[in-house]
Amino acid sequence: MIDQPNGVFSPVLTPFHGDLSPDPERFVALCRRLIDEGCHGLVPFGTTSEANSLSIEEREGLLEALVEGGVDPALLIVGTGLAAIPDTVRLTRHAVGLGCAGVLMLPPFYYKGMSDEGLFAAYAEVIERVADERLAIYLYHIPKVSGVAISPKLIGSLRDAYPDTVIGIKDSSGDWDNTRMLLEDFPGLRVFPGSELIMLEALRLGAVGCITATANVNARGLARLYAGWEGEGADDLQEAASSVRRAVQSQAMVPALKAIVARRIKDDGWLTLRPPMTGLDENQTTALFAALDEAGF
């Protein structure tokens, strides 16, 4: 298994051409810029990436372009979890084969109300089919979006069966009590909260970093928080980061982030979203940037 990086990770936005095909050039440029601005790692094909609007071939092509474009695969945790086991296996093998540090794996998410035993069997089948000692899995707990929760019982069963493979979790539950439980009840599990609103509290309890959508636009501020979380000014750094987060999430997150990137680098090509997502209207855009100004961003 590749040594695992800690710190601030950005689930990277996916740019599209006008015909809605992915834009590898803009994608690689953004990823390189995020590393330069302080991100310790990247998560291609998370929720912020519009990942479940991308085909398997599109994901593979973008990931290959990223590695060929000079981004170190050891800094990448790649989203690979799909509803069908063979698709998850294919994407996971691809990421491992390119030397990526790990994969972020949703549970199979179409059928709801499945038992922990069924979800365990799905994860186990992927692990056994990939059959590669380099594989490092981060579970992706985002029940408000996926509709499928990753329970403590399931985490415990996977950790017992595959302690060297199932090594971490991104907790995007939005529930601090759940994040705290993970940190307290699963020693050795690499926990990434999915929002910087609880980053400082989580780091103080042993979190290894944060995987947050707003790293796409606030990598420097988040890197300062990570670097200074044990210092006297940590609470002020947390509040500064939280203020930006609250401003961004005052509008739909992905369109808002793309609007910020487009304005920052003066490239309206970043405003394109793949349906069913739609962009912000004029009033929403005005409100977004007013909120960011108020946050001092």
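**Helix 3**

I started with helix 3 and looked up which of its residues are buried in this predicted model. They are Thr88, Val89, Leu91, Thr92, His94, Ala95 and Val96.

Next I checked the length. Helix 3 covers residues 85-97, which is 13 residues. From first C-alpha to last, helix 3 reaches 18 Å. That is close to the 18 Å expected at 1.5 Å a residue. I also looked just past the end of the helix. There, Gly99 takes a positive phi of about 90°.

**The patch at Tyr110**

Which residues make the nonpolar patch of about 420 Å²? I noted Tyr110, Tyr111 and Met114. I placed Tyr110 in the loop between strand 4 and helix 4. Is Tyr110 buried or exposed? Its relative accessible area is 60%, and exposed means over 50%, so Tyr110 counts as exposed.

**Strands 5, 6 and 7**

I went on to strand 6, residues 166-171. Six of its six residues are buried, so strand 6 is largely enclosed by the rest of the structure. I looked for its partners. Strand 5 (residues 137-141) pairs with strand 6 in the parallel sense, over five bridges. Strand 7 also pairs with strand 6 in the parallel sense, over four bridges.

I followed single residues across. His141 has Asp171 of strand 6 as its bridge partner. Asp171 in turn stands opposite Pro193 in strand 7. Lys170 stands opposite Phe192 of strand 7.

Then I checked which way the residues of strand 7 (residues 190-193) point. Arg190 and Phe192 point one way. Val191 and Pro193 point the other way. I found all four buried. In a regular strand, side chains alternate between the two faces of the sheet.

Last, I looked up strand 1, residues 7-11. Why call it largely enclosed by the rest of the structure? Because five of its five residues are buried.

I traced the pairing of strand 1 in two directions. Strand 8 (residues 209-211) runs parallel to strand 1, joined by three bridges. Here Phe9 stands opposite Ile211. Strand 2 (residues 41-43) pairs with strand 1 in the parallel sense, over three bridges. In that pair, I noted Pro11 opposite Val43.

How values were computed:
Residues are numbered from 1 along each chain as its sequence is written. This is a predicted model: local features need pLDDT of at least 70, side-chain atom pairs count only at pLDDT 80 or more; totals for chains, interfaces and linings use all residues. Side-chain values use heavy atoms; hydrogens and water are left out. The expected span of a helix is 1.5 Å times one less than its number of residues. Buried means under 20% relative accessible area, exposed over 50%, partly exposed in between (1.4 Å probe, protein chains only). Patches are made of residues with over 30% relative accessible area and no salt bridge: like charges are joined within 9 Å, nonpolar side chains (Val, Leu, Ile, Met, Phe, Trp, Tyr) within 5 Å. Accessible areas come from the Shrake-Rupley method with a 1.4 Å probe; for residues, only the protein chains shown count as cover. A salt bridge is a side-chain nitrogen of Lys or Arg within 4 Å of a carboxyl oxygen of Asp or Glu. Two strands pair if DSSP finds at least two bridges between them.
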